[in-house]
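Hi there,

Here is the structure I promised to pass on to you. Have a look at it first, and then read on for my notes.

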Amino acid sequence: MSIIIKNGQLLTSEGELMKAELYIEDGIIKEIHDEITRPADEIIDANGKVIAPGFVDLHVHLREPGGEKKETIATGTQAAARGGFTTVAAMPNTRPVPDSKEQLEKIQERIKETAEVRVLPYASITVRELGQELTDFEGLKEAGAFAFTDDGVGIQEAGMMLKAMKKAAALDMAIVAHCEDNTLINQGSLHEGKKSAELGMNGIPSACEAVHIARDVLLAEAADCHYHVCHISTKESVRTVRDAKRHGIRVTAEVTPHHLLLNEEHITGNDANFKMNPPLRSKQDHLALIEGLLDGTIDFIATDHAPHTSEEKAEGIELAPFGIVGLETAFPLLYTEMVEKGILTLKQLIDFLTVKPAEAFGLSYGRLAVGGVADIVLLDLLHEEKIDPTTFLSKGKNTPFAGWNCKGWPVLTIASGKIVWSKEGVTA
Ligand SMILES: NC(=O)N[C@@H](CC(=O)O)C(=O)O
Ligand SMILES: [Zn+2]
Ligand SMILES: [Zn+2]
């Protein structure tokens with residue numbers, strides 16, 4: 001099976017767009033030139049489109065097994081493909097939790113059978129994510145675990161975290177942390193600040209996240225472990241990661257599109273589509289996250305795609321579960337709100353969604369290179385369209401961005417040399 005992408009535009013390392021054509025065969029990029037004149041089974045006209053590496057999202061919830069009402073590996077990876085993502089790492093807060101070799105092998109089977117794009121499954125740090133007993137790291141690594149995390153809940157005890165980090169370091173694996181101290185949650189559903197006061201709701205203080213990061217960077221230093229911070233959200237957290245990096249500690253961090261684009265002041269009424277963990281923080285936190293991304297403190301962007309049913313989200317802010325979807329809106333939102341507004345360049349944004357997450361975890365994906373795997377997205381930077389959750393391929397429609405007018409829509413996605421999604425009328 002061979003494909004030629006004609007008349008596209010490629011970003012140079014200097015960030016300039018230049019005309020380019022790609023020849024793909026057997027899942028591999030075989031040629032990149034300004035013009036390619038050889039036959040192929042399929043010809044894609046990319047006139048006016050940017051050719052970028054398929055995006056890499058190292059934080060998604062696919063909900064299978066156990067949460068199939070919210071999402072499945074099939075629907076979640078269809079949503080990924082539509083959003084331009086060709087690699088996603090799936091969180092282990094499923095039922096059952098992938099906390100044994102057997103459970104992870106079952107998930108690998110389902111991925112093989114039903115996934116549209118590459119799925120890297122996380123394994124849990126502790127049995128059933130209960131924080132009491134470490135899982136079988138060796139067995140889970142053998143079964144193909146991407147890294148270890150108890151996402152959804154923080155590791156409460158420093159002693160348990162240190163043990164996990166030492167074991168992970170010995171296996172050259174990363175510990176990926178949802179940073180939340182249970183004694184500081186305060187039964188909150190929003191950030192403790194202006195909005196929680198205004199709505200008369202309990203708030204989650206910034207320290208709830210930052211104390212775990214401060215503790216964990218010291219533990220990572222002691223264990224010489226790669227420690228990764230999920231969905232960083234406060235200015236104190238950014239400061240702590242920045243300081244740890246300065247001291248040579250092996251820490252990386254991700255930020256979500258919603259924390260880059262929103263803060264508590266955007267929350268309208270009692271709408272649970274603004275409820276996620278960590279919560280939307282203050283305007284100052286919001287600005288600190290952008291600054292942290294620009295100065296290299298924060299390594300990359302991950303969506304934390306967290307689908308829930310409409311019934312669950314209709315319960316209002318205090319009762320609904322935490323989480324919003326992100327795969328199908330990440331690029332258009334970030335392009336429109338950050339690139340068009342001059343906060344990031346197009347190259348910076350694409351790097352934060354491709355080569356940066358890949359580099360942080362030593363993955364070979366997220367680059368366009370001859371001899372490399374053909375993971376590609378074509379982007380239409382000019383086409384304007386409003387975000388409409390009813391068109392989502394994800395089962396989750398829970399987004400606070402409905403109705404936002406965006407440019408920069410993915411129009412065709414190729415994963416491992418196979419067209420996995422295309423906008424109507426775009427394929428040859
Ligand atoms: N982010 C969220 O608000 N929710 C996530 C859990 C998590 O990422 O901590 C979920 O699983 O729904
Ligand atoms: Zn989390
Ligand atoms: Zn998550």
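How many bridges join E7 to strand E8, and do the two run parallel or antiparallel? Four bridges link E7 with E8 (residues 118-121), and the two strands run parallel. Please keep in mind that this is a predicted model.

Val88 stands opposite Val119 in E8, and Ala89 stands opposite Leu120 in E8.

Now for the other neighbour of E7. Strand E6 (residues 55-60) pairs with E7 over four bridges, again in the parallel sense. Here the bridge partner of Phe55 is Phe85 in E7. If you follow the chain from E6 through helix H1 (residues 73-82) to E7, you trace a β-α-β unit, and this unit is right-handed.

Put together, the three strands form an open sheet with parallel pairing, in the order E6-E7-E8. E6 and E8 stand at its edges with a single partner strand each, so one side of each is left without a neighbour in the sheet. Neighbouring strands of this sheet are turned against each other by 20° on average, direction ignored.

Is E7 (residues 85-90) mostly covered or mostly open? E7 is mostly covered, with six of its six residues buried.

Best wishes

Conventions
Residues numbered from 1 in each chain as written. Chains lettered and ligands numbered in written order. Predicted model: local features only at pLDDT ≥ 70, side-chain atom pairs only at ≥ 80, totals over all residues. Buried ≥ 20, exposed ≤ 12 C-beta atoms within 10 Å, placed from the backbone. Pairing = 2+ DSSP bridges. Right-handed = clockwise from strand over helix to strand, strands pointing away. Axes fitted to C-alpha atoms, helices over the stretch in contact; angles between N-to-C directions.
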